[in-house]
Amino acid sequence: MINLPNKILILSENPPTTYLKALDMAGIPYDCKFDLQDLSQYSGLLLIGGGDVLPAFYNGSLSAKNVNFIRDKVELDAIDYFYKNDLPIMGVCRGLQILNVYFGGSLKCVNSHSDNGADVCHSIIKVAEGRKFFNVISCHCQAIDAVAKNGKVIYLSPDNVVEEVDFSDKIFGVQFHPERSDGDVITEFYGKFAALFNSSKNSPSP
């Protein structure tokens, strides 16, 4: 019996420092690389924001921007590895979208969650357990349309954009940017990822 490695993979060579600061606040060690070699070094995966997912991956016909087929394929392959090895994954913005696509969901266009490419502040509302509220930062023009069959919606925005989905007990994504939001938002959502990471890395593996 061995313990899993004590770090996660950020699937990006040079991610914005906001992600790194949030992970540091949550106490999660990480490596940054766009590479699928030797994924056994990692006990978790963080998928960050970026351009639109290629509509062909979900049989869609949306007008997509800043599409990168190679990135889509690498992220989908990474999700496949971590999911099949029962390891935690957190997706942020595009990261939530590609998780939903991997599990069979689809995407749509939205108009009110980006101000010509600038951040928008709005609230999110928990759909159960006391309807908890947070104010968050978003910047996106696509969002979840059909939620994957295994997805459970946790938060919605007031205009009914899906803001958080749990795809399993170890995989979740958020449509907003907690790392660019207030400290309590970072604590809530990166803290959730930290709890999953700590639970996984301390679980013996054959």
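Modeller: S10 and S11 form a hairpin with four residues between them. Helices (H or I, at least four residues) and strands (E, at least two) are DSSP runs, numbered from the N terminus. This is a predicted model, in which local features need pLDDT of at least 70, side-chain atom pairs count only at pLDDT 80 or more, and totals for chains, interfaces and linings use all residues. Residues are numbered from 1 along each chain as its sequence is written, and side-chain values use heavy atoms, leaving out hydrogens and water.

Colleague: How many bridges pair S10 with S11, and in which sense?

Modeller: Three bridges pair S10 with S11 (residues 171-174), in the antiparallel sense; two strands pair if DSSP finds at least two bridges between them. Glutamate 164 stands opposite valine 174, and valine 165 has glycine 173 as its bridge partner.

Colleague: Is S10 largely enclosed or open?

Modeller: Strand S10 (residues 162-166) is largely enclosed by the rest of the structure, because five of its five residues are buried. Buried means under 20% relative accessible area, exposed over 50%, and partly exposed in between (1.4 Å probe, protein chains only).

Colleague: What is the strand order in the sheet?

Modeller: The order is S2-S1-S3-S4-S11-S10-S9-S6-S7, nine strands in an open sheet with mixed pairing. Strand S2 (30-32) and strand S7 (133-138) stand at the edges with a single partner strand each, so one side of each has no neighbour in the sheet. From one strand to the next, the twist averages 25°.

Colleague: Turning to the helices, which strands does H3 lie across?

Modeller: H3 lies across S3, S4, S10 and S11, and runs at about 120° to S4. Axes are lines fitted to C-alpha atoms, for helices over the stretch in contact (heavy atoms within 4.5 Å), and angles run from 0 to 180 degrees between N-to-C directions.

Colleague: Arginine 94 is in that helix; is arginine 94 buried or exposed?

Modeller: Arginine 94 counts as buried, because its relative accessibility is 2%. Its side chain makes a polar contact of 2.6 Å with that of aspartate 72. A polar contact is a pair of N or O atoms within 3.5 Å; within protein, one must be able to donate a hydrogen and the other to accept it, and residues adjacent in sequence count only if both atoms are side-chain atoms.
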